[in-house]
Amino acid sequence: MKTVTVRYFASIREALGTGNERLSTAAPDLHALREELIARGGAYGEALARGKAVRLSLDQTMVADESAPLADGAEVAFFPPVTGG
Amino acid sequence: MPRVSIQTHDFDLSAEVAALRAGDARVGAVCAFVGTVRDRNDGQSVSTMELEHYPGMTEKAIEAMIDAAHQRFSMHGVRVIHRVGVLQPQDQIVLVAVTSAHRGEAFQACEFLMDYLKTQAPFWKKEQTPDGARWVDARVSDDAALARWGIRAANA
């Protein structure tokens, strides 16, 4: 098992009622981590559902796909498309 | 002076540009873009706007964009300021200022940085409208704007 920090922003943070959690996971990559969170059901299942516009970052860098491996101590974030500027 | 500031307080365009080109006689062109809060969006009036960001990542992402701009354009100085927190219509949101020897590079680098920032920097806008609060949707046209520079974006 590894320990990772998961952060949520904007509409996803609001839907989940939290912006930050630490969790123990055996997920080998980001895809598996997202599946694990979706499997919690409820707000998680809804906010992170496949087909929703959810963007991810790993260790504070945007990732285009979810095949990136998950290391112990990683910081992962889930958020909607960005709208700055 | 840092290249990137994320702050709640306002900025002074004249002071920022003066600081950016101070003592640099190579500069022959300064291009600055200022984004401001509109009082209407998608057919609704907007009373206030709240900006959220990802502390740490936002700064890193913009620093990387500036590095990418330096690879493409001959620039001398760059200053990016983005405000967060609660803003009102007419408030300034963002400043991108670029100095270079000639105008072409300054115009291009400024537009490149703004196009990049719109789709790749982690900021999120929430508007207060007469119907309540709503998160602003990302625009496909912003991805298209970045694609013009040969960078594939899949934000919206």
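Two residues are in contact if their C-beta atoms, placed from the backbone, lie within 7 Å. The complex shown is a predicted model.

**View 1. Confidence of the prediction.** The predictor assigns the complex an ipTM of 0.95 and a pTM of 0.95. Chain B has a mean pLDDT of 96. In chain B, 100% of the residues reach 70 or more.

**View 2. Helix H2 of chain B and its packing partners.** H2(B) spans residues 57-72, 16 residues in total. From first C-alpha to last, H2(B) reaches 23 Å, close to the 22 Å expected at 1.5 Å a residue. Its buried residues are Met57(B), Thr58(B), Glu59(B), Ala61(B), Ile62(B), Met65(B), Ile66(B) and Ala69(B). Within chain B, these buried residues pack against strands S1 (4-7), S5 (48-53), S6 (77-83) and S9 (123-129), and against helix H3 (103-120). They also pack against strand S3 (55-58) of chain A.

**View 3. The buried side of helix H2 of chain A.** H2(A) covers residues 30-38, with Leu30(A), Leu33(A), Arg34(A) and Leu37(A) buried. These four lie on the same side of H2(A), because they cover an arc of only 100° around the axis. They pack against helix H3 (42-47) and strands S2 (20-25), S3, S4 (61-63) and S5 (75-79) of chain A.

**View 4. The contact between chains A and B.** Chain B contributes 24 residues and chain A contributes 16 residues. On the chain B side, H2, H3 and S9 each supply at least two residues. H3(B) gives the most, with five residues. The chain B side divides into 14 nonpolar, six polar and four charged residues.

Methods
Residues are numbered from 1 along each chain as its sequence is written. Chains are lettered from A and ligands numbered from 1 in the order in which they are written. This is a predicted model: local features need pLDDT of at least 70, side-chain atom pairs count only at pLDDT 80 or more; totals for chains, interfaces and linings use all residues. The expected span of a helix is 1.5 Å times one less than its number of residues. A residue is buried if 20 or more other C-beta atoms lie within 10 Å of its own, exposed if 12 or fewer, and partly exposed in between; C-beta atoms are placed from the backbone. pLDDT is the predictor's confidence in each residue, from 0 to 100. The arc is that of the directions from the helix axis to the C-beta atoms. Ala, Val, Leu, Ile, Met, Phe, Trp, Tyr, Cys and Pro count as nonpolar, Asp, Glu, Lys and Arg as charged, and the others, Gly among them, as polar.
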